[in-house]
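Hello,

Here is the structure I said I would pass on. Please open it beside this email and follow the notes below.

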Amino acid sequence: MRPSVSVRELSKWYGLARPRPAGASILDAFGSALSAPVRRMRGEARAGRGRLWALRGVSFEVEPGEVVGVVGRNGAGKSTLLKILSRITRPSAGEVDVYGRVGSLLQVGTGFHPDLTGRENVYLNGTILGMHYAEIRRKFDEIVAFAEVEQFLDMPVKQYSSGMHVRLAFSVAAHVEPDILLLDEVTAVGDAAFQRKCFAKMREISRKGHTVFFVSHNLGTVGDLCRRVLFIESGRLVEDGPAQAVLARYAEHMAPPAA
């Protein structure tokens with residue numbers, strides 16, 4: 001069976017800019033920006049720069065139907081991984097193959113326009129995620145009912161609470177019927193009842209043979225939802241295996257040193 005996601009020696013780095021000399025003017029900065037493409041072609045773009053490694057040499061494969069947890073401390077590279085899988089960010093090195101339609105919810109309000117109403121944003125966000133107008137129209141009532149925002153549907157979403165944002169965004173992403181669903185800590189915003197609905201929906205997606213990546217700091221939830229976990233530390237994949245074993249190692253890693 002072909003994997004739904006295949007990642008090989010994936011790396012992502014960001015250049016650390018050299019501090020601007022004291023007394024440099026805005027004209028100096030403008031001139032430096034104009035000359036940057038030429039310096040890049042000459043291989044000079046990284047002279048005087050360091051690299052911040054968000055991911056380094058990460059490799060794994062995920063089969064259809066797997067629900068995979070991703071854990072690690074803040075800044076470990078979890079969100080960068082999901083952004084690359086969702087094609088928001090390009091890798092610096094390595095190869096990533098993602099097979100099928102991707103639905104992603106990487107932060108509250110992603111893909112929403114604050115001045116548009118909830119109704120308008122369902123169509124906007126659904127289109128961004130690859131749904132056709134007829135498909136959105138057919139699923140519209142189901143999306144709204146799942147999100148429980150019927151009475152607020154014609155209000156601008158800038159007037160929504162963070163919980164309302166995430167309910168509507170999750171509902172759109174889940175009803176795309178994605179082959180791969182990417183979730184980054186977003187369910188933490190919702191109340192307990194909505195979290196249970198989200199987890200039930202994720203299990204339903206998995207039973208249909210689709211893949212779910214779930215980033216969370218709530219290890220109990222990860223253990224309940226996922227059979228497999230990736231543990232990322234400082235951009236490197238240090239553990240990939242059964243959920244309980246990996247979570248135990250991660251908890252041990254995060255425990256404060258004995259006095």
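Subject: notes on contacts, helices and a hairpin

Leaving aside residues up to four places away in sequence, Thr221 touches Phe199 and Phe214. Please keep in mind that this is a predicted model. Thr221 belongs to helix α7, which covers residues 219-225. Is Thr221 buried or exposed? Its relative accessibility is 14%, and buried means under 20%, so Thr221 counts as buried.

Next, the pair of helices α5 and α6. Helix α5 spans residues 162-175 and helix α6 spans residues 192-207. Their axes come within 11 Å of each other and cross at roughly 10 degrees. Angles under 35 degrees count as roughly parallel, and α5 and α6 are therefore roughly parallel to each other.

Which residues meet where these two helices are in contact? From α5 they are Val166, Arg167, Phe170, Ala174 and His175. From α6 they are Phe194, Cys198, Lys201, Met202 and Ile205. Sorted by type, the residues of this contact are seven nonpolar, one polar and two charged.

Last, the strands. Strand β8 (residues 228-233) pairs with strand β9 (residues 236-242) in the antiparallel sense, over six bridges. Arg228 stands opposite Pro242 in β9. The hairpin of β8 and β9 has two residues between the strands. In this hairpin, Ser234 takes a positive phi near 55 degrees.

Regards

Conventions: Residues are numbered from 1 along each chain as its sequence is written. This is a predicted model: local features need pLDDT of at least 70, side-chain atom pairs count only at pLDDT 80 or more; totals for chains, interfaces and linings use all residues. Side-chain values use heavy atoms; hydrogens and water are left out. Axes are lines fitted to C-alpha atoms, for helices over the stretch in contact, and angles run from 0 to 180 degrees between N-to-C directions. Helices (H or I, at least four residues) and strands (E, at least two) are DSSP runs, numbered from the N terminus. Angles under 35 degrees count as roughly parallel, over 145 as roughly antiparallel, 65 to 115 as roughly perpendicular and the rest as oblique. Contact means heavy atoms within 4.5 Å. Ala, Val, Leu, Ile, Met, Phe, Trp, Tyr, Cys and Pro count as nonpolar, Asp, Glu, Lys and Arg as charged, and the others, Gly among them, as polar. Two strands pair if DSSP finds at least two bridges between them. Buried means under 20% relative accessible area, exposed over 50%, partly exposed in between (1.4 Å probe, protein chains only).
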